[in-house]
Amino acid sequence: RKYQEVYNLNLQLYDRIDKLKALNSTSNYLVSTQDLKMLYDYTMRTIIRILKFDRAILMLVDKEKKNLVYGYAVGGRDEDVEKIRNYKIPLTREHNIMVRVFKNGKPILVRDVEKARLNPRNLIISEFKPTSFSICPLVTQGEVIGVLGADRRNPDYRITREDIDLLSIFANNIAVAIQRTRLDEELKSSYLSAVFALVRAIENKDPYTKGHSERVAFLSEKLGIILGLPQSEIDFLKIGGILHDVGKIGIPESIVRSPKKLTPAEYRIIKSHPVRGAEILEPISFFKDHLYLIRNHHERWDGKGYPDRLKGEEIPLGAQIIALADTFDAMISRRPYRKGLPLKQAARETVSYTHLRAHETSLHL
């Protein structure tokens, strides 16, 4: 009997250690990633694996704070999860158990679904058919931003109060990560909007460069899609396309818009804009690993570009893409000293260059 008691206590100890390790690894993951989908998937699958739930679902309040909307779900059959992807609960439904948890900010444990006499038409109950479940609020900085629900189907293995305590810790970690990501996105959007506006203001002063950055961003995006790049890289290509000439902010307009061939001194100044641009954008933390899009979009395949005289595959692929888009748009754009090339001819010229840059001394861009 004593041996059995010690054995059972050891099993409980090992179980708690596993749960603490899972909480620690999840916390570290939440700090290290800003991809919410990956964050949801990793955390909720950990909940199922460690806390031995059958399913878990995340419901988040919408921007208007009128509904709880589907955020993510794991467990069960794919077709069951698919049925709740558009799940939405108006916050006016006071009788709904998720709404009650959201408004009260306190977790709820339902140990016996059948005895609780819940609405059998409830989508989650009707599709998942749990025997017990728990719902915890997602709380960050005193604000409830959603709920996390988890259930079990085995009537002989119902959810306990200890399960709820651990689920609440996971819920709060998710809430903090969501809030941090949202603040980062707001800061990113605000900063980029200010820089984009500045770039547009500079371009709008000159009818010959108006819209150039937007077109380079558009072409860079299309090239990224054709090459099958990940969406995250394509997103940075679009940003890089918009900002590739941001370094020209500090260069005199008389040089940037000169209708004549640049002097050697003026050309040295214009060649400084990739480095200037990278320096301007360096404080943006989310863009620090992609500054090469700005710094190296004037490199050439033969190594005669600038500022780093990179050659061939030394030039990062993203910088090559923006270089091609920049070259093509410069070829088709009208300038005071020449007409723009027809699209097909410009395409042939660009293809003939493959990875080579056009002559910047004549294009000025």
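**Helix packing and nonpolar cores**

Tutor: In this predicted model, Ser 213, Glu 214, Val 216, Ala 217, Ser 220, Glu 221, Gly 224 and Ile 225 of H8 meet Ile 234, Leu 237, Lys 238, Gly 241 and Ile 242 of H9. By class, this contact of H8 with H9 has 6 nonpolar, 4 polar and 3 charged residues.

Student: Why is H8 called roughly antiparallel to H9?

Tutor: The axes of H8 (residues 212-226) and H9 (residues 231-243) cross at roughly 155° and come within 7 Å. Angles over 145 degrees count as roughly antiparallel, and therefore H8 is roughly antiparallel to H9.

Student: Which hand does the crossing of H8 and H9 have?

Tutor: The crossing of H8 and H9 is right-handed.

Student: Which residues touch the most other members of the largest nonpolar core?

Tutor: They are Tyr 40, Leu 58, Leu 138 and Leu 148, in a core of 28 residues. Elements giving two or more residues to this core include helix H2 (36-51), strand S1 (55-61) and helix H7 (161-204). H7 provides the largest share, 9 residues.

Student: What is Leu 58 in contact with, leaving aside its neighbours within four places in sequence?

Tutor: Its contacts are Tyr 40, Met 44, Val 69, Tyr 70, Gly 71, Tyr 72, Leu 138, Val 147, Leu 148 and Ile 174. Contact here means heavy atoms within 4.5 Å, so each of these residues meets that limit with Leu 58.

Student: Which residues does the second, separate core include?

Tutor: That core has 25 residues, among them Met 59, Val 81, Val 110 and Val 113.

Methods:
Residues are numbered from 1 along each chain as its sequence is written. This is a predicted model: local features need pLDDT of at least 70, side-chain atom pairs count only at pLDDT 80 or more; totals for chains, interfaces and linings use all residues. Side-chain values use heavy atoms; hydrogens and water are left out. Axes are lines fitted to C-alpha atoms, for helices over the stretch in contact, and angles run from 0 to 180 degrees between N-to-C directions. Helices (H or I, at least four residues) and strands (E, at least two) are DSSP runs, numbered from the N terminus. Angles under 35 degrees count as roughly parallel, over 145 as roughly antiparallel, 65 to 115 as roughly perpendicular and the rest as oblique. A crossing is left-handed if the near helix is turned anticlockwise from the far one by less than a right angle, and right-handed if clockwise. Ala, Val, Leu, Ile, Met, Phe, Trp, Tyr, Cys and Pro count as nonpolar, Asp, Glu, Lys and Arg as charged, and the others, Gly among them, as polar. A nonpolar core is a set of buried Ala, Val, Leu, Ile, Met, Phe, Trp, Tyr and Cys residues joined through side-chain atoms within 4.5 Å. Buried means under 20% relative accessible area, exposed over 50%, partly exposed in between (1.4 Å probe, protein chains only).
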